[in-house]
Amino acid sequence: MEHSKIPYSLNSKKVADATRVWLDKRGVKIEEIAELVMLLQQKYYPDLTMEECIHNVEQVLTKREVQNAVLTGIQLDILAEQGLLIPELQDMISNDEGLYGVDEILAFSIVNVYGSIGFTNYGYVDKLKPGVLERLNDKSLGPVHTFLDDIVGAIAASASSRIAHRKQAEREIEKGEESADQAK
Ligand code: MG
């Protein structure tokens, strides 16, 4: 008799926990992503604190689309390190081929969640590659971070966008207006 498979059901908590665990295993600290957020937003909000930046990064990481992109990207980086990809794909991902843009497309699924400000911020950090992004881009260090660098930039850009939307909502509430903030 055939063994019946246990029906699949999504365990959201496990996926959320795995996202945090794997970012950490790949050497990325929440604080480092928050530092990118601070860099992107401090000129607009001089009173912005690191605690706020960390909080916003953590909120972005609670989104399912974000968790899916993080885990997918990290998995592909790891498979590339292990040499387990289809040879042609293996060469492109392990060498971070400039004409291979799927890493950026995957990152877009993160910035998409928070609207167009996210795209602008993502483009900015992607060009500048400050802080943790410089380390992730350093090919001499060994590990493959073809996907992770874009993912980290996209999380920071999304957290920045979330702050911008939130600050607007706060201003409206202060003025006694009803806020229509969409960026949860
Ligand atoms: Mg990349």
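This is a predicted model: local features need pLDDT of at least 70, side-chain atom pairs count only at pLDDT 80 or more; totals for chains, interfaces and linings use all residues.
**Overall layout.** From the N terminus on, they run α-α-α-α-α-α-α-α-α. I took the extent of the C-alpha trace along its principal axes, which is about 65 × 50 × 25 Å. I then checked burial: 32% of the 184 residues count as buried.

**The nonpolar core.** I asked which residues of the largest nonpolar core touch the most other members. This core has 39 residues, and the ones in question are Ile33, Val37, Val57, Ile151, Val152, Ile155 and Ala156. I listed the elements that give two or more residues to this core: helix 2 (30–41), helix 3 (50–60), helix 4, helix 6, helix 7, helix 8 and helix 9. Helix 9 gives the most, with ten residues.

Leaving aside residues up to four places away in sequence, Val37 touches Cys53, Asn56, Val57, Ala156, Ala159 and Ser160.

**Helix 6.** I next asked which residues of helix 6 (residues 102–111) are buried. They are Asp103, Ala107, Ile110 and Val111. These residues lie on the same side of helix 6, because they cover an arc of only 90° around the axis. I noted the general rule beside this: an α-helix has 3.6 residues a turn, so residues three or four places apart point the same way. I also looked at what covers the buried residues of helix 6, and the cover includes helix 4 (64–81), helix 7 (116–128) and helix 9 (148–174).

**Two loop residues.** I went through the backbone angles and stopped at Asp96. Its phi is near 45°, a positive value in a residue other than glycine. Asp96 sits in the loop between helix 5 (87–94) and helix 6.

Lys129 belongs to the loop between helix 7 and helix 8 (132–137). Lys129 counts as partly exposed because it has 16 C-beta neighbours inside 10 Å.

Notes:
Residues are numbered from 1 along each chain as its sequence is written. Helices (H or I, at least four residues) and strands (E, at least two) are DSSP runs, numbered from the N terminus. A residue is buried if 20 or more other C-beta atoms lie within 10 Å of its own, exposed if 12 or fewer, and partly exposed in between; C-beta atoms are placed from the backbone. The arc is that of the directions from the helix axis to the C-beta atoms. Two residues are in contact if their C-beta atoms, placed from the backbone, lie within 7 Å. A nonpolar core is a set of buried Ala, Val, Leu, Ile, Met, Phe, Trp, Tyr and Cys residues joined through C-beta atoms within 7 Å.
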